[in-house]
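Please look over the sequence and the structure before reading on.

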Amino acid sequence: MKHQIRTRTPLLTAIVLAFLHAPRLFAQPSPTALATFNAYTQSIESRLATQHRSPTNFLSVNADAATLARLHSGQIILENLSPHSQASSALLHHWRGTAFAPGATAADFEHLLTNFNAYPVHFSPEVLQASLVSQQNGHTFATMRVRQRHVITVLMDTAYDITSGQLDAHHGYSISRSTSISELDPKTNHALSADAEHGFLWRLNTYWSYEERDGGLYLQIESVSLTRSIPTGLGWAIGPYIESIPRESLDFTLRSAVTAIQKGPR
């Protein structure tokens, strides 16, 4: 079995690379894919709005002793909530992660979220640059340059519209919606033309919910992203790779946030 895995690895890598280097077929999302993404995220935001009005159901997490013990021991709980029905021209990924930061407070996390200049420190090496653009009418507009390394290196400039709120001093939330995502050439840092992009990430909405209790802070993040679809017949090879990207990114973000708030403000 080990020998089979070793001999198949170069083939799988070659297939993934061939898939990733066919940009012109997947450069931009279709109107149907965008409509699907918008409808899906609206349903999530409606659910979260209901949750965020209730201190007893603020987070989507089982409150049983076993789950709480896992969180208090430092484990990250990740859930794949991606819908089974997908648009033919795109993939919609929905993941949720939950963690516990002993000794942390809601105020600690709010400081972390709003201190964009420190993102390259707290969320390195994925976040290279981050800055606050403006704040108006309850919305915060921010930009980030992010880098992800998988089979190849992906570099992107992203912009977000962020809103946040509190139920009380111990319960808060933040909603981040992408307004633009541009892929860059990792060798030159120059933006690729629209028809040359690979479709690694078309849209990304991130939903933070946090609750201070039990001597620390429960953090929960839901990530919904829209990416290119997988060509027919390549799901066996490409599927696990495509699914691993949002899962690993969510896990990294959540672990980095817990580490940052436990270290204290910078």
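At 26% relative accessibility, does aspartate 157 count as buried, partly exposed or exposed? Aspartate 157 counts as partly exposed, because 26% lies between the cut-offs of 20% and 50%. The model is predicted, and the points below are grouped by topic.

**Overall fold**

- The chain contains six helices and eight strands.
- The chain has 266 residues, and 47% of them count as buried.
- Its accessible surface is about 13400 Å², with 54% belonging to carbon and sulfur atoms.
- When contacts between residues at least 6 apart in sequence are taken, 64% join residues at least 24 apart.

**Salt bridges**

- The structure has eight salt bridges.
- Side chains of opposite charge can pair when their charged atoms come close.
- One of the salt bridges joins arginine 96 to glutamate 222, with 3.4 Å between the closest N and O atoms. Arginine 96 belongs to strand β2 (residues 90-102) and glutamate 222 to strand β8 (residues 216-228), so this pair ties together parts 126 residues apart in sequence.
- Arginine 96 and glutamate 222 are both buried. They are also linked with Arg47 and Glu79 in a network of salt bridges.
- Aspartate 157 and arginine 145 form a salt bridge at 2.7 Å, N to O. Because aspartate 157 lies in strand β5 (residues 153-168) and arginine 145 in strand β4 (residues 139-149), the pair ties together parts that are 12 residues apart in sequence.
- Arginine 145 has a relative accessible area of 15% and is therefore buried, whereas aspartate 157 is partly exposed.
- Glutamate 211 is paired with arginine 213 in a salt bridge, and their closest N and O atoms are 3.0 Å apart. Glutamate 211 is buried at 7% relative accessibility, while arginine 213 is partly exposed at 30%.

**Helix α4**

- Ala106, Phe109, Leu112 and Leu113 are buried in helix α4 (residues 106-114). These residues lie on the same side of α4, because they cover an arc of only 120 degrees around the axis.
- An α-helix has 3.6 residues a turn, so residues three or four places apart point the same way.

**Serine 134**

- Serine 134 sits in strand β3 (residues 127-136) and is partly exposed, at 24% relative accessibility.
- Apart from neighbours within four places in sequence, serine 134 contacts His139, Thr140 and Phe141.
- Between the C-alpha atoms of serine 134 and aspartate 161, the separation is 9.9 Å, and these residues are 27 apart along the chain.

How values were computed: Residues numbered from 1 in each chain as written. Predicted model: local features only at pLDDT ≥ 70, side-chain atom pairs only at ≥ 80, totals over all residues. Heavy atoms only, no water. Helix = DSSP H or I, 4+ residues; strand = E, 2+ residues; numbered from the N terminus. Buried < 20%, exposed > 50% of the residue type's maximum accessible area, 1.4 Å probe, protein only. Contact = heavy atoms within 4.5 Å. Areas by Shrake-Rupley, 256 points an atom, 1.4 Å probe, with all protein chains shown as cover. Arc of directions from axis to C-beta. Salt bridge = Lys/Arg side-chain N within 4 Å of Asp/Glu carboxyl O.
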